[in-house]
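Hi,

Here is the structure I promised to pass on to you. Have a look at it first, and my notes follow below.

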Amino acid sequence: MTPGRCLCGSVRYEVDGEFFAVVNCHCSMCRKHHGAPFATWAVVPVNHYRLVAGADSIARHESSPGQHRSFCRTCGSVTPERTPDGGHVVVPAGNLEGDLPRPQLHMFVKSKASWHVIADDLPQHEAWPPGYGMQPVDRAPATPGEASQAHGSCLCGDVAYAIDAPPLRFMYCHCSRCRLARSAAHASNLFFPLHAFRWLRGAERVEQYALPGAERFGVAFCRRCGSGVPRPAPAFDVVVVPAGSLDVDPGVRAEAHIFVDSRASWDVIGADGIPRFAALPPRR
């Protein structure tokens with residue numbers, strides 16, 4: 001039995017039995033919804049999945065005709081969703097506890113974020129792997145409506161922002177909190193000066209969740225689609241931006257993998273040349 005949950009713990013579920021597949025998806029929709037460079041999905045037969053608690057806490061967004069993405073209304077974690085044919089459930093691996101099979105492949109690498117490097121030796125597929133029987137969905141690129149150095153938006157487009165300064169830092173965080181929050185192998189956080197950040201639309205649609213007992217940890221997400229969006233942190237004079245929400249290349253690359261001692265057993269970093277730290281990196 002493999003348990004899973006959202007960040008706040010409102011939604012809980014179990015997977016009983018073997019996994020049908022575990023895959024890394026680099027499509028733009030997964031990137032937007034998770035706020036991460038890719039999503040890792042564990043696919044299980046529907047009769048091996050059980051929702052234990054939190055049915056009323058789950059919201060659903062129709063990201064494309066007939067296909068939905070689900071998330072916790074309280075904390076924004078991505079929650080499991082049935083495949084369109086109803087035969088399987090796709091579960092975000094980042095929210096499962098315990099050992100899982102390592103991912104078998106990367107898919108939709110043609111849509112991969114320009115700032116992310118795939119550094120392992122897993123097979124790569126431009127779109128759906130052969131035999132998956134589904135077709136890709138084209139998604140028009142988002143535009144900010146005005147000039148800025150960096151800009152981004154949520155999956156549904158209700159929330160958009162712009163930033164008029166280069167990032168201060170860019171890090172991949174593998175801690176368990178980030179894994180639960182982003183429902184992915186790791187978070188990919190850019191830190192920008194707060195004074196350079198502005199909402200272009202949808203600020204009233206942004207929901208924030210502060211993890212109880214955590215001095216600094218929190219998340220922000222779109223109330224309609226659940227996508228990770230920037231979280232202003234006035235106490236530190238920065239805004240934390242999930243890189244997956246960007247609509248442009250930030251012009252920098254990740255400078256560190258942090259909290260790698262806490263990474264999931266199935267999380268293979270690969271030889272990407274980025275420095276790794278057991279916990280936090282040295283101050284600079």
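A word on terms before the details: two strands count as paired if DSSP finds at least two bridges between them. Strands (E, at least two residues) and helices (H or I, at least four) are DSSP runs, numbered from the N terminus. As for the source, this is a predicted model, in which local features need pLDDT of at least 70 and side-chain atom pairs count only at pLDDT 80 or more, while totals for chains, interfaces and linings use all residues. Residues are numbered from 1 along each chain as its sequence is written, and side-chain values use heavy atoms, with hydrogens and water left out.

Let me begin with strand β20. Five of its five residues (238–242) are buried, so the rest of the structure largely encloses β20. Buried here means under 20% relative accessible area, with exposed over 50% and partly exposed in between (1.4 Å probe, protein chains only). In a regular strand, side chains alternate between the two faces of the sheet. In β20 both faces are covered: Val238, Val240 and Pro242 are buried on one side, and Val239 and Val241 on the other.

What does β20 pair with? Strand β15 (residues 187–193) runs antiparallel to β20 and is joined to it by five bridges, with Asn189 opposite Pro242. Strand β19 (residues 231–233) is also antiparallel to β20, through three bridges, and there Arg231 stands opposite Val240. The hairpin of β19 and β20 has four residues between the strands, and Asp237 in this hairpin takes a positive phi near 60°.

Two other backbone angles may interest you. Phe108 is not a glycine, yet has a positive phi of about 60°. Phe108 sits in the loop between β11 (105–107) and β12 (150–153), and counts as buried because its relative accessibility is 9%. Ser183, also not a glycine, has a positive phi near 50°. Its place is the loop between α2 (176–182) and β15, and at 0% relative accessibility Ser183 is buried.

Finally, which residues does Asn95 touch? Leaving aside neighbours within four places in sequence, its contacts (heavy atoms within 4.5 Å) include Ser183, Tyr13 and Leu180. Asn95 lies in the loop between β10 (88–92) and β11, and is buried, with a relative accessible area of 0%. A polar atom of the Asn95 side chain lies 3.0 Å from the backbone oxygen of Arg5, and one lies 3.1 Å from the backbone oxygen of Leu180.

Happy exploring!

Key
Polar contact = N/O pair within 3.5 Å; in protein donor to acceptor, adjacent residues only side chain to side chain.
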